[in-house]
Amino acid sequence: MKDELTKRRFEDLAEMAWKNNHYTFTSFLTEAELSEFYEIKHLSAENYTLYGGRENADRIMIRFGNPDELGYEEPFPIKCLKIEPLSKKFSEQLTHRDFLGSLMNLGIKRSELGDIIVEENAAYLFCTEKMSEYICREITRVKHTVVTCSVTENLPEETESKTTECEVQVSSERIDGVISKVFHISRSSCSELFRQKKIFVNGRCIENSSYLLKENDRVSVRGFGKFSFVSVGGYTRKGNKIIKIEKY
């Protein structure tokens, strides 16, 4: 029932954009919600745009509306905030969980918050435009550390998605075999992840463990991490394939 309600919400926003000739936006979506969106077959890719405030964002919004038909562009209602210790000298070591916990303690819904990138004890937070002023005003501490918060447009290059290139040896491009090698888990444990709907490829939930990965496929495994399938880089003497990946 929940899945159908989620799909209906997307359809309503798409219809509203078409009928009223203006853009409509979702909140920040989870992987599961984005997967539900992709299951709606009758929505044309020309009539929506995905964005999360930065390239390759994990949590994204959908904007419904075609600029060619509407005759104008409208930016996504996303702000980037920088939350940092007032005094670095007396700051604790702060993590992603610490910043998220402090934000949730303000009574903010997770759907109002996008990615949180922690660099040098400061957090760069993407949030909905309507929540930015409230967050800047209300977040004064993270754990026991006094912090300041302000809107920023200067996102350091270091906050872009970091990847590590590596290679794994597999018999084929089957997704279960590649995941098993990348995250060092058994095939039976991998099968359980498929049953629990915890594996996503390019935002879509994948339940078929024999799915063959293609170049540039982005794989997310809840509880383990993410990687991109780059290419088949060669073969071993035993005939196994050497798969090149970029692990996030």
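Predicted model: local features only at pLDDT ≥ 70, side-chain atom pairs only at ≥ 80, totals over all residues.
Just after helix 6, His184 adopts a positive phi of about 55°.

Helix 6 is largely enclosed by the rest of the structure, because eight of its nine residues are buried. The buried positions in helix 6 are Ile175, Asp176, Gly177, Val178, Ile179, Ser180, Val182 and Phe183. Burial here refers to a relative accessible area under 20%. The cover over these buried residues includes helix 7 together with several strands, namely strand 9 (164-170), strand 10 (199-201), strand 12 (218-221), strand 13 (225-235) and strand 14 (241-247).

The axes of helix 6 (residues 175-183) and helix 7 (residues 187-195) come within 9 Å and cross at roughly 115°. The crossing of this helix pair is right-handed. On the helix 6 side, the contact is made by Ile175, Asp176, Gly177, Ile179 and Ser180, and on the helix 7 side by Arg187, Cys190 and Phe194. Sorted by class, the residues in the contact between helix 6 and helix 7 comprise four nonpolar, two polar and two charged.

At the level of the whole protein chain, seven helices and 14 strands are assigned. The C-alpha trace spans about 60 × 55 × 35 Å along its principal axes. Of the 248 residues in the protein chain, 44% are buried. Among contacts between residues at least 6 apart in sequence, 59% join residues at least 24 apart. The accessible surface of the protein chain amounts to about 14,300 Å², and carbon and sulfur atoms account for 47% of this area.

A further site considered is Leu50, which lies in strand 2 (residues 48-51). With a relative accessible area of 32%, Leu50 is classed as partly exposed, since this value falls between the limits of 20% for buried and 50% for exposed residues. When residues up to four places away in sequence are left out, Leu50 touches Tyr38, Ile60, Met61, Ile62 and Phe76. One of these contacts, Ile62, is twelve residues from Leu50 along the chain, and the C-alpha atoms of the two residues are separated by 4.8 Å.

Definitions and conventions. Residues numbered from 1 in each chain as written. Heavy atoms only, no water. Helix = DSSP H or I, 4+ residues; strand = E, 2+ residues; numbered from the N terminus. Buried < 20%, exposed > 50% of the residue type's maximum accessible area, 1.4 Å probe, protein only. Contact = heavy atoms within 4.5 Å. Axes fitted to C-alpha atoms, helices over the stretch in contact; angles between N-to-C directions. Left-handed = near helix turned anticlockwise from the far one by under 90°. Nonpolar A, V, L, I, M, F, W, Y, C, P; charged D, E, K, R; others polar. Areas by Shrake-Rupley, 256 points an atom, 1.4 Å probe, with all protein chains shown as cover.
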